[in-house]
Structures are given as structure tokens and as C-alpha cells.
Amino acid sequence: MLPESILSVTESFMKLPAIGRRGGQKLALDILESTPELYKELIDNLNQMKEKVKFCSRCGFFAENDLCNICRNNGRDKYKICLIEKATDVLNMEKSQIYNGQYHVLKHLISPIDNIFADKTTLSDLFDIRIPSLLINETVNIELILFFQSGFASETTASYIKEVIKSKSWQNQISLSRLAEGLPLYYNPDNLDQATMIRALEDRRTLI
Ligand SMILES: [Zn+2]
């Protein structure tokens with residue numbers, strides 16, 4: 001029923017994971033009917049976002065500078081690091097509004113059946129660069145908190161992390177815990193609410 005070019009825009013939107021056919025069509029029509037000013041603003045903002053947003057050189061979260069807003073915030077505890085799989089998981093952890101540490105985005109979880117080993121993750125950046133730089137000249141303790149979706153890859157990654165820590169001379173300065181207790185067994189991180197996140201954080205299980 002609709003002209004070909006509207007369908008093409010709809011199809012493009014549907015290639016985005018968060019958007020289905022109805023949402024895609026609605027967005028296409030909204031844009032078609034937008035004022036020339038709004039249309040220009042949208043295109044400019046999209047271009048700017050694509051051009052400016054990179055990944056933080058320390059933690060891997062979205063950033064427009066070398067460091068992201070979380071790493072640049074002096075009020076956040078740099079000795080408390082939450083390990084997560086994807087940059088967008090930061091937003092789920094931030095829902096608790098009580099977590100005051102920083103993050104480390106792994107990019108992948110270790111999954112040998114999918115041919116994903118530790119070298120595809122950013123774990124060597126964490127264990128060989130970031131943590132040693134925090135421990136230099138200081139007798140501090142670092143708390144690592146794992147926040148992974150449940151599943152085989154999470155278990156594999158958690159065991160690998162435990163082994164790496166145990167092999168380090170500074171193992172006594174590290175505590176490792178996991179946000180598993182308090183979370184539903186099969187959960188979609190996008191649907192977690194603040195109360196669930198607070199409970200998960202407070203009930204975290206110590207691994208080391
Ligand atoms: Zn950062």
C-alpha cells in the first residue's frame with residue numbers, strides 16, 4: 001500500500017535490534033511528516049553521534065573523549081570495577097543508582113564452542129595494564145564485581161577470571177564477587193528494575 005521509498009526506510013529501521021515492523025513504519029512516517037528543521041536536526045545529530053562517539057580507552061564504555069564520563073568522574077571509586085560484557089550493560093548496572101565504582105567492558109564472554117577465547121576479550125587490558133597501574137606504589141584493595149547474563153559462557157569466563165587472579169602476585173589485593181543471587185534465573189538485563197539491581201548488588205556472592 002505504501003510507496004516503495006517508505007517501505008525501504010521501514011526495512012532499514014527494522015535492521016536495528018530494538019525496532020520491529022510497526023515501530024519501523026511509525027518512525028519512517030514520523031520522519032516523512034517532520035518539519036524540514038527537525039529533519040535537518042535529526043540528520044545532523046545522527047552524523048555527529050556516529051562521528052564523535054568512540055569507546056573509552058580505559059573501560060570500553062561510550063565516550064566522546066579519551067575517557068568516558070564515568071572514568072572522568074572523580075567521585076567514583078576507581079578501585080571498584082564491575083566487569084560486564086557489552087557497553088550497554090553499563091546502563092543496566094547504573095539503574096541501581098547505588099553503584100559508585102567504575103566498569104570494564106569485556107566485549108565478549110569466553111565461549112570455546114563459539115571459538116571465542118580470552119584473547120577476544122579485553123581481560124588482558126584489565127589484568128596486565130589497568131590493575132597493575134592501580135596497584136603501583138599503593139597498598140590498596142581492588143574489588144572486582146562480575147555482572148554477566150547467566151549461561152555457559154558466563155561460567156567459563158568467571159572461572160577463567162578466578163584462575164588468572166590466583167596466578168598473580170597481587171592476588172591478595174583483589175576481591176571478586178558476582179551479581180547472581182537476587183537476579184531471576186533467566187533474565188533480560190534490559191528489563192531489570194532498580195529494586196532488583198539493588199538487591200543483586202547487595203546480595204552479591206563472593207568468589208575470591
Ligand atoms: Zn571509561
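**Packing of helices and sheet**

Modeller: In this predicted model, helix 1 (residues 4-14) packs with helix 2 (residues 21-32) at an angle of about 130 degrees, and their axes are 8 Å apart. Helix 1 is therefore oblique to helix 2. The crossing in which helix 1 passes helix 2 is right-handed. On the side of helix 1, the residues in contact are Ile 6, Val 9, Thr 10, Glu 11, Phe 13 and Met 14. They meet Arg 21, Gly 24, Gln 25, Leu 27, Ala 28, Leu 29, Ile 31 and Leu 32 of helix 2. Sorted by class, this contact of helix 1 with helix 2 comprises nine nonpolar, three polar and two charged residues.

Five strands make up an open sheet with mixed pairing, and their order is 4-3-5-6-7. Strand 4 (101-105) and strand 7 (205-206) are the edge strands; each has a single partner strand, so one side of each has no neighbour in the sheet.

Strand 4 pairs with strand 3 (residues 77-84) in the parallel sense, over five bridges. Within this pairing, Leu 83 has His 104 of strand 4 as its bridge partner, and Ile 84 stands opposite Val 105 in strand 4. Although strand 4 stands at an edge of the sheet, this strand is mostly covered, with five of its five residues buried.

Strand 3 also runs parallel to strand 5, to which four bridges join it. Here Ile 81 is found opposite Leu 144 of strand 5. Strand 5 in turn is joined to strand 6 by five bridges, and these two strands run parallel as well; Ile 142 stands opposite Ile 174 in strand 6. Strand 5 is mostly covered, four of its five residues being buried.

Helix 7 (residues 152-166) lies across strand 3, strand 5 and strand 6, and runs at about 170 degrees to strand 6. Turning back to the pairing of strand 3 with strand 4, which is parallel and has five bridges, helix 6 (residues 123-135) packs on the sheet there and touches strand 3, strand 4, strand 5 (142-146) and strand 6 (174-178). The direction of helix 6 makes about 170 degrees with that of strand 3.

Key. Residues numbered from 1 in each chain as written. Predicted model: local features only at pLDDT ≥ 70, side-chain atom pairs only at ≥ 80, totals over all residues. Heavy atoms only, no water. Axes fitted to C-alpha atoms, helices over the stretch in contact; angles between N-to-C directions. Parallel < 35°, antiparallel > 145°, perpendicular 65-115°, else oblique. Left-handed = near helix turned anticlockwise from the far one by under 90°. Contact = heavy atoms within 4.5 Å. Nonpolar A, V, L, I, M, F, W, Y, C, P; charged D, E, K, R; others polar. Pairing = 2+ DSSP bridges. Buried < 20%, exposed > 50% of the residue type's maximum accessible area, 1.4 Å probe, protein only.
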